[in-house]
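Please find below a short report on the fold of one protein chain. It begins with the strand pairing and then turns to a single loop residue.

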Amino acid sequence: MRYCESCKIYTLEENCPSCGKKTRGVGPARFSPQDPYGEYRRKLKKEEKYGKKEVENR
Ligand SMILES: [Zn+2]
């Protein structure tokens, strides 16, 4: 999966089909905005790491 920062679109092409600029490779699905639970899972992970209370105080 690749991402064009100019158009803010995802594509599979190395060059953006819309503006022709080189796209940026984006990593695993956990960084995908299409994953509605990504944020939640990251929060859980933080809570595991720092303890729930501390995360809430941040
Ligand atoms: Zn583009």
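## Strand pairing and a loop cysteine

Cys4 has Ile9, in strand 2, as its bridge partner. This is a predicted model, in which local features need pLDDT of at least 70, side-chain atom pairs count only at pLDDT 80 or more, and totals for chains, interfaces and linings use all residues. Residues are numbered from 1 along each chain as its sequence is written.

The protein contains two helices and three strands, arranged along the sequence as β-β-β-α-α. Here helices (H or I, at least four residues) and strands (E, at least two) are DSSP runs, numbered from the N terminus. The three strands form an open sheet in the order 2-1-3, with antiparallel pairing; two strands pair if DSSP finds at least two bridges between them. Strands 2 and 3 are the edge strands, each pairing on one side only. Strand 1 and strand 2 run antiparallel and are joined by three bridges.

| Strand | Residues |
|---|---|
| Strand 1 | 2-4 |
| Strand 2 | 9-11 |
| Strand 3 | 24-25 |

Cys7 lies in the loop between strand 1 and strand 2. Cys7 is partly exposed because 14 other C-beta atoms lie within 10 Å; a residue is buried with 20 or more such atoms, exposed with 12 or fewer, and partly exposed in between, with C-beta atoms placed from the backbone. Leaving aside residues up to four places away in sequence, Cys7 touches Cys16, Ser18 and Cys19, where contact requires C-beta atoms, placed from the backbone, to lie within 7 Å. Cys7 and Pro17, ten residues apart in sequence, are 9.8 Å apart from C-alpha to C-alpha.

Of the 58 residues in the protein, 3% are buried.

How values were computed. Contact = placed C-beta atoms within 7 Å.
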